[in-house]
Amino acid sequence: MRIVVVGYGPAAHRFVETLAGKGFDGRVTVIGEEPRPAYDRVHLTSYLSGTSADELTYAVPGGIVTRLATRVTAVDREARHVVTADGGAEPYDVLVLATGSAPFVPPVPGAEHAFVYRTIEDLDAIRAAAKDAVEGVVVGGGLLGLEAADALRALGLKAHIVEMSPWLMPRQVDEGGGSVLKGHIESLGLGVHAGSGVQEVVTGPDGRVAGLRKPDGTLLEAQVVVFSAGIRPRDELARACGLDVGERGGIVVDSAMRTSDPSVYAVGECALAGGMVYGLVGPCNTMAEVAADRIMGGTAAFEGADMSTKLKLLGVEVAQFGAMDGALDVTYMDPVGGVYKKLFISDDARTLLGGICVGDASPYTALRPFVGKELPAAPSDLLFSGAGATLDLPDEAQVCSCNNVCAGDIRTAIADQGVTDVPGIKGCTRAGTTCGSCVPMLKQLLEKSGVEVSKALCEHFAYSRAELFDIVRVRGITTFSELIAEHGQGRGCDICKPAVASILASLHNGHVLDGERAALQDTNDAFLANIQKNGTYSVVPRIPGGEITPEKLIVIGEVARDFGLYTKITGGQRIDLFGARIEQLPEIWRRLVEAGFESGHAYGKALRTVKSCVGSTWCRYGVQDSVGMAIALELRYRGLRSPHKLKSAVSGCARECAEARSKDFGIIATEQGWNLYVGGNGGFKPRHADLLAKDLSTEELIRTIDRFLMFYIRTADRLQRTAAWLESLDGGLDYLREVIMEDSLGICADLDAQMEHHVATYADEWRATLDDPEKLGRFVSFVNAPGVPDPSIVFASERGQIKPVMAR
Amino acid sequence: MSWTRICAYDALAPERGVCALVDGVQVAVFRTYDGDLHALDNLDPFSGAYVLSRGIVGTRKGEPTVASPLHKQVFSLVTGRCLDEEGVSVPVHAVRVRDGLVEVNVRRPAGFFEELRAVAAAG
Ligand SMILES: Cc1cc2nc3c(=O)[nH]c(=O)nc-3n(C[C@H](O)[C@H](O)[C@H](O)COP(=O)(O)OP(=O)(O)OC[C@H]3O[C@@H](n4cnc5c(N)ncnc54)[C@H](O)[C@@H]3O)c2cc1C
Ligand code: SF4
Ligand code: FES
C-alpha cells in the first residue's frame with residue numbers, strides 16, 4: 001500500500017509516527033511545503049528566545065520518504081496521484097490531507113505589508129523587521145495574538161493589540177475575565193485596543209509600514225503589523241478536486257477521518273469533524289491517530305474533543321473548561337490582585353457546566369474533571385477553596401513585610417515542614433517575628449490550609465482570651481498564680497502573662513506593678529515607658545486631645561534638654577522623649593508630674609491618644625468642640641487595658657481633619673451631635689472605621705463608646721485590634737449594634753458598671769510609682785551598682801540630637 | 001574567676017530578673033516561681049541590646065525560660081539556648097545563695113566593654 005500525506009505539520013507527524021509505531025510496512029511519502037520536517041508549532045515563540053529550528057523539529061520516523069519544500073498543487077482522484085509544484089506526480093492508494101490552516105488576513109488595503117505568525121520563516125521575517133522598528137501592532141487579541149504581541153515585546157517593541165471583540169480572548173473568557181486580563185496585559189506595558197477593527201495598513205512614502213488605521217480614523221503608529229485574527233483551514237486542494245467542504249471551510253470528515261472519497265482522509269486543522277474545525281494541537285493529534293488506526297484496519301473513532309485550555313500567556317494564567325455559559329454562575333473577581341474565576345452551573349445548581357479562570361488557574365486543575373457532574377461542594381467554596389479571602393492570596397503576595405515572606409513561603413512551610421501553628425511558621429520563615437502585625441494573617445493561612453488552629457492562648461492555657469476573661473470575671477480570680485494553678489499548666493510565658501495582666505487590669509484596675517502583677521508585664525508596662533532598640537526607654541507625657549499650654553511645653557523642652565533626650569512629635573499629637581536609661585525614668589517623671597503631667601500610655605495595650613482637630617472654638621467650619629470632646633474621652637479612657645492598643649480621634653466637622661475614621665473609635669461632629677465610627681486602623685492593614693451610630697448626644701456618645709470598648713475588651717482575642725475583632729464578629733456591625741445599643745444579650749448594665757469602675761479607680765501610674773520606694777527600687781541598671789549607668793548604652797549625634805549606637 | 005555577691009536573695013522578686021555588673025560583664029539573674037536562681041548573659045544576641053533581665057519569665061514544656069523584651073525570642077534559663085531559633089544561645093553563668101546573699105560566678109573574661117566602647121567611639 002502506498003500512502004501519500006500532503007502537508008508536514010504536527011498532525012502529519014503524529015500520523016506517520018503512529019503508522020511507524022504500528023509496524024506499517026507499505027510505502028509512506030510525506031510532501032510538505034515548508035523547508036523542514038514538522039516542528040513543534042505550539043512552542044514556536046521560543047524560537048525568538050533562542051531555541052533553534054533544529055531543536056523544535058521532530059525526528060522523521062525511519063522508513064518514511066519525505067519531500068520537503070514541495071507544494072502539492074492538485075489531487076487527481078481518478079488517477080490516484082497528487083501533482084506537485086515542480087510538475088512531478090506521486091501516486092497513492094490512500095491519500096491523507098494534513099494541510100493545516102493558514103492565518104486569516106482580512107482584506108484591507110495594505111494587508112500585504114503585514115506579517116503573520118505561523119511558521120519559522122514568519123518569525124525570521126518579523127525579527128528582521130523589528131530591528132528598525134519601535135512599535136508594533138498585532139491584530140487579533142486571541143490566544144495567538146497575545147502570544148505574537150508578547151513576541152514583539154520581547155523583540156524590544158512597544159506592542160499594541162487590536163481586537164474586534166469588546167474584550168481580549170473572547171473564545172476563552174467572558175467580559176469580566178477579559179477586563180481582568182486586560183489589566184494584566186496593560187500592566188506589562190502593552191496597549192490594548194478592544195472593540196476596534198482595522199481600516200488599513202498605512203505605508204509611508206518610502207513604502208514602509210507606518211501604522212494601522214482604525215475605523216474611527218485614528219492611526220496607531222507602528223513599523224511592524226502582525227495579523228493574528230483567526231485561522232482558515234487550508235482546504236483548497238480538497239475543494240479543487242471535488243471533496244465535500246464545509247460552508248465556512250474545512251474538509252468534511254466522518255468519525256474515521258474519511259472524506260467524501262473513501263480513499264482520502266483528512267486530519268488536523270484542515271478537517272471539519274462533526275461540524276467543527278479544531279484549532280488546538282491535542283485534537284489534531286487524536287485525529288491523526290484515528291486515521292492511522294483505520295488505515296491499518298482498526299476501528300478507532302474521533303468523537304470530538306475537549307476544547308478546554310489552560311495556558312500561561314505573558315505570565316498570566318488563563319484557563320477555560322467546559323461550557324462558557326449556564327443558567328447560573330458564581331464569580332470571584334479581584335481586579336486588584338488580577339484574579340477572575342467563574343463557574344457555570346445548571347439551573348438546579350447541582351451540575352458543574354464549565355468555568356473561566358484568569359490570573360489563577362487552580363480551579364481548572366481541580367474542577368475540570370467535574371464538568372457535567374454533580375458539584376463536589378458549594379460553588380463559592382470551590383472558587384475560594386476555603387471560606388475567606390486569604391487562600392486566594394497569590395503565592396507571591398507578601399504577607400510579612402518586615403521579613404519579606406510571601407504567602408507561598410508560608411504555605412510551603414505548612415505543607416512541607418508540617419508546621420501546625422504560628423510559632424512553627426515563625427521558626428521556619430521568620431514571618432511574624434518582627435512587628436507581629438502579620439500574625440493574624442498567618443493564622444488565617446493556617447486555617448485555610450486545613451490545619452486546625454487551636455484557640456488556646458499558648459501551651460499554658462487551653463482557653464482563648466475571651467474565655468479566660470469570663471473565667472476570671474465569673475470566678476472572681478485576682479492573681480495569675482491562682483488562675484494558672486486552677487485553669488492552666490506550667491508557669492506562663494510572654495504570651496499569656498501580659499494577656500492575663502490585661503484582663504486583671506480591666507476587671508480590677510489597681511497598679512500594674514502591684515505584687516505579683518509586676519512579673520506579668522511586658523517590659524513597657526513593667527517600666528511604664530516604651531523600650532527602644534538599644535534598651536533605653538522613651539517617655540511620652542499625656543497631652544489629652546493634643547492641647548498643651550506654653551508653660552507645659554517649656555517643661556517638656558527643659559526635661560528633654562536636662563536629660564539629653566531625643567525629641568520628636570508623634571502622630572498622636574504628643575511629644576516623645578527618647579533615650580532615657582532605667583535609672584533616669586523616675587527623675588524624669590518627677591519633673592513632669594510636678595509640672596502637672598501624668599503618664600501617657602504610649603506603651604502597653606491601652607488607650608493611646610484621642611487626637612483632635614481644633615474644632616468649632618477656632619475653626620470657621622467647626623460645628624462642635626472637638627478638642628473638648630477629645631480631652632473628655634482621653635481622660636475617661638486613659639489607662640484602660642485592652643487586648644491591643646486603642647486609638648481615637650475627634651473631628652469638628654465632616655472635613656475630618658483629625659482622621660477619625662482611621663481609628664479604633666472615631667468621632668465626627670455633626671450639626672445635631674456626633675457620629676461614631678468604630679473598627680478603623682492604620683498600620684499594616686489599613687481599614688476605615690464603620691459608622692456605628694449617627695447624631696448622638698454627648699451622653700449617648702459616651703455610653704455607646706463605653707459599651708463598645710468593654711464589649712471588645714471582654715470578647716476580643718489577644719492582640720486583636722478592633723478592626724479584626726469587628727470583622728470576626730458573627731453578624732458584624734449589626735450584631736454589635738444589637739448588643740451595645742439594644743442590649744440583646746442583656747449585658748449592657750454590666751458593661752456600664754465595668755467602665756464606671758475603671759473611671760473611678762484610675763490612678764496615675766507614674767505618680768504611684770514615685771510614691772512607692774519598693775517599686776522605685778527596681779529602676780536601676782544594675783542591682784549591685786545602683787548609681788552606675790549601663791555602659792553599653794552609647795549615643796552619637798545627628799541633626800543636633802542623640803541617636804543610639806549599637807555595638808554591631 | 002570567683003564568686004561575686006550581687007544582692008540579697010529577698011531583693012529578687014519571683015519570676016523577675018535583675019541585672020548585675022560583674023567585672024564588666026552584664027549578668028541577668030532570675031528567680032523562678034519555685035525559688036531557683038538562674039544567670040544568663042544580659043546581652044540579647046538578636047538585638048544586640050543588653051535587655052534579657054527585663055524579659056518575661058515563664059516555662060516552656062516545663063523548662064524555665066525568659067523571653068527577650070525586644071523581639072520575644074525565648075531562651076532556656078538552664079542552658080541559655082534559644083528555643084525559637086536553633087544554633088543561637090547566650091552564655092550561662094553560675095549563681096548560688098550564701099547566707100541569704102546571691103553570688104554570681106562569671107564565665108567570661110572582662111574587657112569586653114572596653115572593646116565595645118572603642119568600637120562605639122570610633123563609629
Ligand atoms: C504561535 C502558535 C502557538 C500555538 N500554541 C498552541 C497551544 O498553546 N496549544 C494548542 O493546542 N495549539 C497551539 N497552536 C495551534 C497548533 O500549532 C495547531 O493546532 C497545529 O499546528 C495543527 O497542526 P496541523 O498539522 O493540522 O497543521 P499545521 O501546523 O498548519 O501544518 C500543516 C502543514 O501543511 C503544509 N501545507 C499546507 N498545504 C500544503 C500543500 N498544498 N502542500 C504542501 N504542504 C502544505 C503547511 O505549510 C504546514 O506546514 C499554536 C499555533 C501557533 C501558530
Ligand atoms: S474637621 Fe472641620 S472643624 Fe475640624 S479643623 Fe477640619 S474643618 Fe475645622
Ligand atoms: S513581623 Fe510580619 S509584618 Fe512585621
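How many helices and strands are there in chain A? Chain A has 25 helices and 38 strands, counted as DSSP runs (H or I of at least four residues for helices, E of at least two for strands) and numbered from the N terminus. Keep in mind that this is a predicted model, where local features need pLDDT of at least 70 and side-chain atom pairs count only at pLDDT 80 or more, while totals for chains, interfaces and linings use all residues. Residues are numbered from 1 along each chain as its sequence is written, chains are lettered from A and ligands numbered from 1 in the order in which they are written, and side-chain values use heavy atoms, with hydrogens and water left out.

Let's start with chain A as a whole. Of its 808 residues, 52% are buried, where buried means under 20% relative accessible area, exposed means over 50%, and partly exposed is in between (1.4 Å probe, protein chains only). Its accessible surface comes to about 33,900 Å², with 50% of that belonging to carbon and sulfur atoms; these areas come from the Shrake-Rupley method with a 1.4 Å probe, and for residues only the protein chains shown count as cover. If you take contacts (heavy atoms within 4.5 Å) between residues at least 6 apart in sequence, 60% of them join residues at least 24 apart.

Now zoom in on helix H1 of chain A, residues 10-21. Among the buried residues of H1(A) are Pro10(A), His13(A), Phe15(A) and Leu19(A). The buried residues of this helix pack against strands S1 (2-6), S2 (27-31), S3 (64-67) and S7 (94-97), along with helix H7 (281-295), of chain A. Just after H1(A), Gly23(A) takes a positive phi of about 75°.

H1 and H7 of chain A also turn up around ligand 1, each supplying at least two residues of its shell. That shell holds 30 residues, the closest being Glu33(A), Glu34(A), Arg41(A), Arg118(A) and Glu269(A); a residue qualifies if one of its heavy atoms lies within 4 Å.

Ligand 2 has its own surroundings, including Cys613(A), Cys619(A), Cys653(A) and Cys657(A). Its shell divides into 5 nonpolar, 3 polar and 2 charged residues, with Ala, Val, Leu, Ile, Met, Phe, Trp, Tyr, Cys and Pro counted as nonpolar, Asp, Glu, Lys and Arg as charged, and the others, Gly among them, as polar.

His193(A) sits in strand S12 (residues 191-194) of chain A and is buried, at 18% relative accessible area. A 3.4 Å polar contact joins its side chain to that of Lys214(A); a polar contact is a pair of N or O atoms within 3.5 Å, and within protein one must be able to donate a hydrogen and the other to accept it, with residues adjacent in sequence counting only if both atoms are side-chain atoms.

Over in chain B, Ile56(B) belongs to strand S5 (residues 56-60) and is buried, with a relative accessible area of 6%. Leaving out residues up to four places away in sequence, Ile56(B) touches residues including Cys493(A), Lys497(A), Leu520(A), Thr65(B) and Val66(B).
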